[in-house]
Amino acid sequence: MSVRQEIATPAEADAALRAAIRQREREAFRNRWLLLAPAVGLIGCVGLLPLALTMIYSFLEPGTYGGVTWSFSTGAYEQFLFDRDLFDETILTFNPSYVIIFARSIFLALVATVGTLIVGYPTAYFIATRPRESRNLWLFLITLPFWTNLLIRTYAMLLIIRDEGLVNALLMGVGVVNQPVGILYTDFAVFLGLIYSFLPFMVLPVYASLEKLDFRLVEAAYDLYATRWRVLRRVVIPATRPGIIAGCILVFIPGLGAYITPELLGGGKKLMIGNMIALQFGTARNWPFGSAAALILMAMVVLMLFVVMRRSGRQMSHG
Amino acid sequence: MSSDDGLIEIVNVTKAFGTGERRFLALGGVNATIRKGEFFTLLGPSGCGKTTLLRLIAGFELPTSGEILLDGQEIGHLPPYRRPVNTVFQNYALFPHMTVAENISFGLEMLNKPKAEIASTVERMLALVKMSELAGRRTDQLSGGQQQRVALARALAPQPKVLLLDEPLSALDLKLRKEMQVELKRIQHETGITFIFVTHDQEEALTMSDRIAVMAKGNILQIGSPSEIYNAPAARFVADFIGDINFIEGQVVVAGEKTAQIRLPGGQVLTARASRPVEGPVTLAIRPEKVGLRHADDDDVPLSGTVTNLVYFGSGTNVHVDVGLGADIVARATAPKVALGDRVGLDLHVTDLSVLAE
Ligand SMILES: Nc1ncnc2c1ncn2[C@@H]1O[C@H](COP(=O)(O)OP(=O)(O)OP(=O)(O)O)[C@@H](O)[C@H]1O
Ligand SMILES: [Mg+2]
C-alpha cells in the first residue's frame, strides 16, 4: 500500500501512512526471523536439547553400569551436599568435599583470571600502541598457540615443569636449588597452565577496547597534571572497562570448567569441577550426579554473569 | 632577549619529524614573544605547523632545537603535567566515563587541591561557561557547543598561566561559532589568562586577537596587531592570505626613509609606504576598499583604465579595472556610479599602498 496523492482528508492520509508503516514493520520482523533461523536451529539442536537431556538425567537414578534408570529422584542434588547413611537412607550428613572442589575451582579460576589480566593488559597495551602496520603481526603471534592442540600444549608445559624438566634443570644447573622443586601436580601448576592457555582470551578483547581508546584522552589527562600511573588508573582503565570485563568473563568461565589442564598438570589429584564431572560419567558411573553438578555449575555461571552485567551496566549509565 | 611583559618566549624553535629520507621539518626556527594576558593567535594554512607549535608549548612534543621559556624558565623539556599550561583540544577530548563536573574537577584533583577548593572552583567554572544546570550530565550526552564549553572549563579550572586552544571552534556551525567567539573573548577578559589560539580562519583571527602570528611552511612570517597585519602586511603571503588585496609590480626609482617612489611597467610612478629602505623590483599591495574611484580625466589620479567587471556582493560592489598591468585592479565601493566599459581613474593613497618585503 502506498500513500496516494489524491487522498481527500488528513485523517485518511494519516490512516494510510500508519498502514504503510505497519506493513513495513511486519516485513522487517519477518526478515529478522529469517536471518536468525539458522542460529536458532543450531542452538536448539546442539545447545538446548542436550541441556534438556542433562536436566532430565539429573533427576533420575544412576544405573549400576553407568547410564540411568528411569525413576524420579533428587538424590543427585542431595549428594552434592550430603552423604546418605549406609543403613538408614533418611539420615543425611553434611559432606563438604564437593563444595570444596567447587570452591577450589572458583578460587583457581579467579586467580587465573587475575593472572591473565596482569599479564595480558600490558601485552594488549603494548600491541595497541604499536604502529598500525605491525599490530596485525603481534596479534598473529598472540593467536599462534591456537595452532597447536590444547592437549599437546599442556603436555609440553608438563614436560617443562616436571621434576626432570627444563625449569628444574635450569634451577639446579645454576645452583639455586640442589633438589628439584615440585611444581607439577600442584595448584600452582594448574594456575600456570590456566594462564598459559587462556591468555589470548584476555589479550584480544582488552586489545579491542584499547585500540578504540582515543589517545587524545591520554594527552588530555597528562595536560591536566596526571602522572603516568594516574592516567592509567583514572582514564585508560575506566575507558577500557568493557574489554576488561569481556576478557575476565572469557577466562573465568572456561577456567572454571577447565578439564585438560587440571587433569594433566594437577595430576588428577587436585580436582576441578570439570574433572569431577567427567569422573561421574566415567569411572564413578553416576550420570545423574554428573548432570546435577554440571547444572549447578551452569546456574552459578549464569548467576555471576547476571550480577556482573547488572553492575557494569549500572556503571555505564551512571558514569 | 627577554622583554618586560613577555610571558612565553619561543626562541629559535625547530621541530623535525622522522629521520633520514623521511625527515620533515615541521617548524624551521620559530621566534615569538607572547605577552601576559593577551589573546595571541596563530594563523596559517593547513599543514603550516600551528598544531605542532602548540603541542611543543603544551609538552606533547619536544623541540628538535631551540628553547621555550615561561616566565623566564625553560619549560621546553618538561612533561605536560609539569607545565602550568592547559589545552582545549580540537575535538574536545572530554573523558567519556565522567560527568561534566568530574571532567572539570579532574585537573584540580590531579594537583591534589583540597576538596572544598575543588568544589568551589568547579562551581565557579560551571557558572563561567554557563553550564551549571548540566553539571551531572555525562559528556557524551552534550551538544557540540556544550562540549566546547566543558572543554574550556576543564582547561581553565586549574588556573593555568597559558591556555592553548587548537581550532576550538572549527567543529561548530557558523551561528554557534560566532556565539562562541564572543563567549571566548568574554571568558578571556574575565579570567585574564593568556590565550594562544590556533585558527586557519582569517576573519576569526582578525576579530578575536590582540596580536596575530601569521605562519606558513613552518615559519612565522609576521607578528602584529590585526590592523597591522591587515593594513601593513610584511610579506606577499600574509597580504594574500588575509582578505582580498591587489598586487602591483614595479621598480624602485627613489627610496626614502618611510616612503619610496616606484615606477610601474607602464611608466606611471606611485608613491608607497615602505617600512625600510628598498631597492630594485618590488611588489606593492593595496586593499580593494582603499582604492578610490575617480573620474578618468582628474589630473592627479596616478592610474586610469576601463571597467571590465562589476561584482555585487550585498554590502558593496567590486569594480575590476584594467589599467594595462596584466591583472585587473579591484576597487570596492558601496554604490559605484560606473558601468562596464567606463573609463575611470584610481586613487591609491600613499598610506594605504605598502611595499611588501618579498
Ligand atoms: N607526528 C608527525 N609525524 C610526521 N609529520 C608530522 C607529525 N605531526 C605533524 N606532521 C607534519 O608537520 C606539518 C605541520 O603539521 P601541523 O599539524 O602542525 O599543521 P597545522 O598547521 O596544525 O595544520 P591544520 O590547520 O591542518 O591543523 C604537516 O606537514 C604534518 O604532516
Ligand atoms: Mg592543526
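**Working through the B–A interface**

The contact (heavy atoms within 4.5 Å) draws on 28 residues of chain B and 20 residues of chain A. This is a predicted model, where local features need pLDDT of at least 70 and side-chain atom pairs count only at pLDDT 80 or more, while totals for chains, interfaces and linings use all residues. Residues are numbered from 1 along each chain as its sequence is written, chains are lettered from A in the order in which they are written, and side-chain values use heavy atoms, leaving out hydrogens and water.

**Exercise 1.** Find how many salt bridges link chain B and chain A, and pick out one involving Glu109(B).

*Solution.* Apply the rule (a side-chain nitrogen of Lys or Arg within 4 Å of a carboxyl oxygen of Asp or Glu). The count comes to two. One of them pairs Glu109(B) with Arg234(A), at 2.9 Å from N to O.

**Exercise 2.** Sort the side of chain B that touches chain A by residue class.

*Solution.* Nonpolar means Ala, Val, Leu, Ile, Met, Phe, Trp, Tyr, Cys and Pro; charged means Asp, Glu, Lys and Arg; the others, Gly among them, are polar. That gives 17 nonpolar, six polar and five charged residues.
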